[in-house]
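Let's walk through this model together, going from domains to a sheet and then to a chain interface. Keep the viewer open as you read.

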Amino acid sequence: MAVGEMMTSTTAPPRDGVDDPIPSSSRLHTPGQLDATHGVVLYLDNISVSFDGFKALNNLSLAIDTGELRCVIGPNGAGKTTMMDVITGKTRPDSGTAFFGQTIDLKQFSEVEIAQAGIGRKFQKPTIFEHHTVFENLELAMKADKRVIKSLFARLSGAERDRIAEMLALIRLTDSAQRVAGLLSHGQKQWLEIGMLLMQEPKLLLLDEPVAGMSDDETERTAELFLTLAGKHSLVVVEHDMAFVEKIARKVTVLHEGSVIAEGAMDEVQNDPRVIEVYLGR
Amino acid sequence: MRGKLTITTVLLLASALFVCPAAALDRAAVEKLAFGEGDERLEAIGALVTEGDPRAAIVLGALGDGELQTASKRVIIVRGAEATDAVTGEKLASMPAEREDIVANNRLRGAVQGALAALKLISPDRAIRFAAAKELAGGADAGMLPLVKKALDKESDADIRTLLTHIAASLELKTGDVKTRLAAVRTLGLSGGHNAKPLLLSVLESETDADVRLEAQTSLKQVDERLLWGQRAGLLFAGISLGSILLLAALGLAITYGLMGVINMAHGELIMIGAYATYVVQNLFRTHLPAAFDWYLLCAVPVAFAVSALVGMVLERTVIRWLYGRPLETLLATWGISLVLIQTVRTIFGAQNVQVENPAFMSGGIELLANVVLPWSRIVIVLFAGAVLAGVWLLLTRTRLGLFVRGVTQNRAMASCVGVPTARVDTLAFGLGSGIAGLAGCALSQIGNVGPDLGQSYIVDSFMVVVLGGVGQLAGTVYAALGLGFANKLLESWAGAVLAKIVVLVFIIIFIQKRPQGMFALKGRSVET
Amino acid sequence: MTGPLTATFARLYGASGWAALSAIGFVLFVVFPALNLAVSPDSAFHVSAYWITLIGKIMCYAIVALAMDLIWGYCGILSLGHGLFFALGGYGMGMYLMRQIGRDGQYRAELPDFMVFLDWNAFPWQWWNTDQFWWALLLAVAVPGLLAFVFGYFAFRSRIKGVYFSIITQALTFAAMLLFFRNETGFGGNNGFTDFKRILGYTITTPETRMVLFTLSGAVLLGTLLLGRYLVTSKFGRVLAAIRDAEQRVMFCGYNTLHYKLFIWTLSAVLCGFAGALYVTQVGIINPGEMSPANSIEIAIWVAVGGRGTLIGAIIGAGVVNGAKSFFTQAFPEYWLYVLGLMFILVTLFMPQGIVGLFNKWRSAK
C-alpha cells in the first residue's frame, strides 16, 4: 500500500526511526524522535485523571506493541475517550506515565507536537472540514511541513497529487473529490476522516468508534482496511460493534470505570465473568 | 496694646467668676455699660459675660450694631420702629422721644466681639454653641483659652467637646509652658481627628523642647492610625457599594449568558430603561401624589423590573430566539437593538440627563469620622442587592422554573427530551435577567446621572464580571462583582479613577489567560468553550 | 520568473475579475483626478473636494473591513476592538503631522498647541523622532502590530475563543480609549490632534495633495484586496478556513494553530494601522473617540452587510454603510441610529451572507 510508505518530507527533521536500517544499538537516541524499535509503541502506566472529584481514569495501565491492532471495549463512561485524550495530549493526567515509543513523554508535549510525532486520531463524531472539498481535506491532512511560512507559498507537487489520488481511490471518494465535504453521507464522512488520518502517515492510529453509523458493507471494508494497515502501523480501535471487533482483533482490552479489567484474546475476554457482568450481558 | 491687655484682663476676670448663669441681667452692669466711661464699660462687659445670661448677647450685639441707646435713665435697644428694654427685654409701649446713641469705639468693639463669642460658647442652643466652636476652631485668640476650658467643663455634646478640646490644645501649644504643651500634645494624640495632623506637624517643625517633640511624634502616629482605620472603613464600604452595584448590573447578564449562551449587548440599555422607569414613576408621584413622594421608590422597584422584563421578553421572542447557537451573530444583533433603544429613549425623553431625586430616607448618611461618610443611599443599595441575590437564589433553587433553568443551562437537549418547555423557559429566563437589569437601573438612578448613555458605562463592567466569574453558578458572579468592586476602589485610592479602570481591565485580560472559564465554571466534558 | 507569477495572478481572479479590477483602477486613478483637477469647478462634471475626501475616507475604512474579513470571515475570530489598531495608526501619523505644523499653531511655539496649553516644555518620550515621516509611518504600522502580536499571543495560547475573545477585545479598546482621553498620556487628551498644515513639505489642504492621498488610498486598497486574495487562495488560507470550522481537527493534523491565528491577526492589525495613517491625512483629525467600542463594532457590521468571507463583500459593506451614514447624518440625523441598529438586526437575521450572498443567490436562480 503506497500510503504506508515513507515519503521524503520537505524540511522537517526526521522523527521516525522505525524504518531506519541501522541497528538500534549503534544509534544515538535523540529525545523527541520516536524510537519504537524496542517493540512497544505506546506505554501507559498507572494513569489517573479526575474531573472535579469524578475519577475518569483510575490507575490505567496499557501497552501496545509496534504493529499491533488492539481493540478497546467497555461500557459508556469507562474512560475510553479520556484515555485517548491523554494519549493525544488533550488532557493531562494527574498521575502516571505515558510514553510514545521509548523517548517521547506524552505528558511533556502539546497536541500539535504529538500529532507531528506520529499519533493520529479519529474522533467519535466525524470531524472533517465541512466547507472544504474532499480533495482539500486530504491535502490539508497530508504529511508536510506545516509551518505558516511554508503554507503561504506551498504548491502541490505531482507526487503529492498522486498520493491524494491514491487515497481517494482507497476511500472510494474519487468521484466526490471536488464535492464540499459537508454534503457527504455519514459513512462517507467517516471514511474521509480515516483517509485524512492516513494522509498524516501516523505511526499510531487511535480510532474512536470508526464504524458507528456505517452500513454492513462499509463496515466490512473498514475491517479489511485495518487489517492491512496493521504491521506497518499500530492501531488502537475503540468500538461497541462486537462483530466488527471479533473480525479484526487479536488482542482485546476491556475498560471499566477507568481501569483495565480484562485483557487477552477475544474469546478469553468474552468468557470472562467480570466482563460479562459489566458489559456484555448474559 | 493696652486695649488688648484690658480685654484679656476682662475675660480672665470673667472666667474666674464663671458661675451658673443668673436668672436676669445685672441692671448695674448694663447701666455701667451704657452710661459709664472707658474701663468701667470694659468691666461691665466682663461682668455680663460672667453672668452668662443669653440676653447679654443681645445687648452686646445691639451695642455692636449701634442699636443700643439710652432714653433718660433707661437703656433700650431700638430696632427700626420697635424699642425694647435692654435689661428686662420688655417691649416698650411707645418710642421714647429723647434718645441718645451709645457710642462704641474700637477697643470696645473688640471687647464686644470677644464677649459675644464667649457667650455663644455657653448658649443653651446646641446649634449656636456648635457654630461658635467651629468658628473658634478656625483661629482663636490666646485669651480665649480659659473660657474655652470652662466651656469644655460644662459641655456635654460630644462633637462640640471634640472641637473645644482641639481649640484648647492648639491654644495651649502656642502659649503654655513645657508641661502644658506636653499635655496638649498628648490630648491631641488621644482624641484628635484629621485636623490635628497639621497642628502636630507644625509642632514638630517649630518645637524646641525634645520631650514635647517626641510626644508629638507618638501622637502623630496615634492620629494617623485612627485616620487609617477610618479610611479603611471608608474604602471597605466603597468597595462593597461598588461591588453591590456591579452585582446588580451583571447578575441578569450572567443568567442569560449562562442559560442561553447569549451575550446581550443591549443589557446596558435594559438597565437604562429601568432607570427611566424610575424617573417616570417619580414624576407621576410628584404630580399626583406629592404628599407621598418619598414612597415613589418603593413603587418604582417593581415597575422598573416589569418594564425591563417586558422589553427583554419581547426582544427574546422577536429577535434573539432566531439566533440561538450563533453567539457572534447574537452579539451583533443585540448591539443593533441597543442602538435602537438608545435612540428611542433619546427621542422620547431628550438627549440630556434627567433628574431623579432621592427620597428623604435615602439622603444623608452615617458619619464615621469627620472625613468618612457612608451615604444612606449606598447602604440601602447594598441591602437591596443582597435581597435581589437572595431572591434569585431562592427562585433558582426552590422553584420549578429555577429547576428548569438550571437543567437547560447544563444540557439543553436532554432537558427538552424530558419535557422541559425550553422555549418558554428561555423567554422567562431572559425576562428574569432583563428584569434584574431594570432593578439595577432603579438603584443606579439614586446615586448617579440618568441619561440615554447610562447603559454604555456599565456594559463593559458587566461583561468583565461575567467573564471573570464564570457561568453556571451564582457564586462566581457574586465573588467577581465584589472582587472587582474592591480592586477598583483600592486602585482608585492609589492611582485615580481612570488608571484604576485600565489596570482592572488589563488584569482581567491577563486572568482570563490563566483561567479561561472564569473563577467558577461548570467543568468537565459537557462544557466546551 | 514569469511562470509562477502569471500562474499566481491567474489563480487570484478570473478574466472577468481582472477586467472589473482594471475598470475600477481606471476610475480611481484616471477619471477622478481628471474630474477633480482638470475640470473647472463650475462644470457639472466636477467632482468636489468634499467627495474626494469622503471617498478617500471610505476607502480607508474599506481597508479595515478587508482586514476584519480576513480574521472573521476566513478565520472565525470576531474582534470588537479593531478600531484600536486603526486609531493607533492614525495617532502615529498624527504625531508627524502635528510636528509639521511647526510654529504655525495658535501659540507660535515649537511644541503643539495642546502641550503649550498644558505648560509642558518638551516632547514626551513617545514623540521621539516623529518629525521624520518614515519613523511616524513605521510607528503607525508597527505599534498596532506589536500590540496585536502580544495580545494575540497570550489570548490564543490560552485558547480563548468565540464570545469571550470578542468581549476582551472590546475591553482592550475601551481601556485604551480611557487612557488616551487623559491629557497626561500626551496625545492631546479628548481633543486629539487636528489643524494639520503640511505633509512632506506639501500643504495638506490643496486639491493636488488631496488627490495624491486619494489615489494612494485607492492603490493601497486594491493592493490589500490582491494580498487578501492571495492569502485566501493559498494553502495558508485553506488552513485558516479549517481553523474556523474545526480547530481541534487542524491541531490533530499537526498544524500549530496558534502560529496561524497569530499571523493573520497581526497582519490584520498592521493593515488597520496603515489605513489609519492614510485616514488621518485626509480627514484631518484624530481623537480618542475613534477607539470607542461602538466604532469597532461598526466595522463588524460593514463586513456582515457586504458578506463575510468574500473579501469583495467587505469593501461593498464598508461603502454601503458609510455612504448611508454620510447621507443620514446630514439629511435625517435623528434617524441614523435607528437605521444602523436595524441594519445590525436585519442583516444578522435575514441576510447572513450579506449583499454578496444575495447577489449570488440571484445569479444562481436565473
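Chain A splits into domain 1, made of 36-118 + 202-282, and domain 2, covering 125-201; these bounds come from an automatic or database domain assignment. Taken over C-alpha atoms, the centres of domain 1 of chain A and domain 2 of chain A are 25 Å apart. Seven residues from domain 1 of chain A and seven residues from domain 2 of chain A make the contact, where two residues count as in contact if their C-beta atoms, placed from the backbone, lie within 7 Å. On the domain 1 side there are four nonpolar, two polar and one charged residues (Ala, Val, Leu, Ile, Met, Phe, Trp, Tyr, Cys and Pro are nonpolar; Asp, Glu, Lys and Arg are charged; the others, Gly among them, are polar).

A note on reading the model: it is predicted, local features need pLDDT of at least 70, side-chain atom pairs count only at pLDDT 80 or more, and totals for chains, interfaces and linings use all residues. Residues are numbered from 1 along each chain as its sequence is written, while chains are lettered from A and ligands numbered from 1 in the order in which they are written.

Now turn to chain B, where four strands form an open antiparallel sheet in the order E3-E2-E1-E4. Strands (E, at least two residues) and helices (H or I, at least four) are DSSP runs numbered from the N terminus, and two strands pair if DSSP finds at least two bridges between them. Strand E1 (residues 68-71) of chain B joins E4(B) through two antiparallel bridges, and Thr70(B) has Glu100(B) as its bridge partner in E4(B).

Finally, 33 residues of chain B contact 36 residues of chain C. H14(B) gives the largest share of the chain B side, 14 residues.
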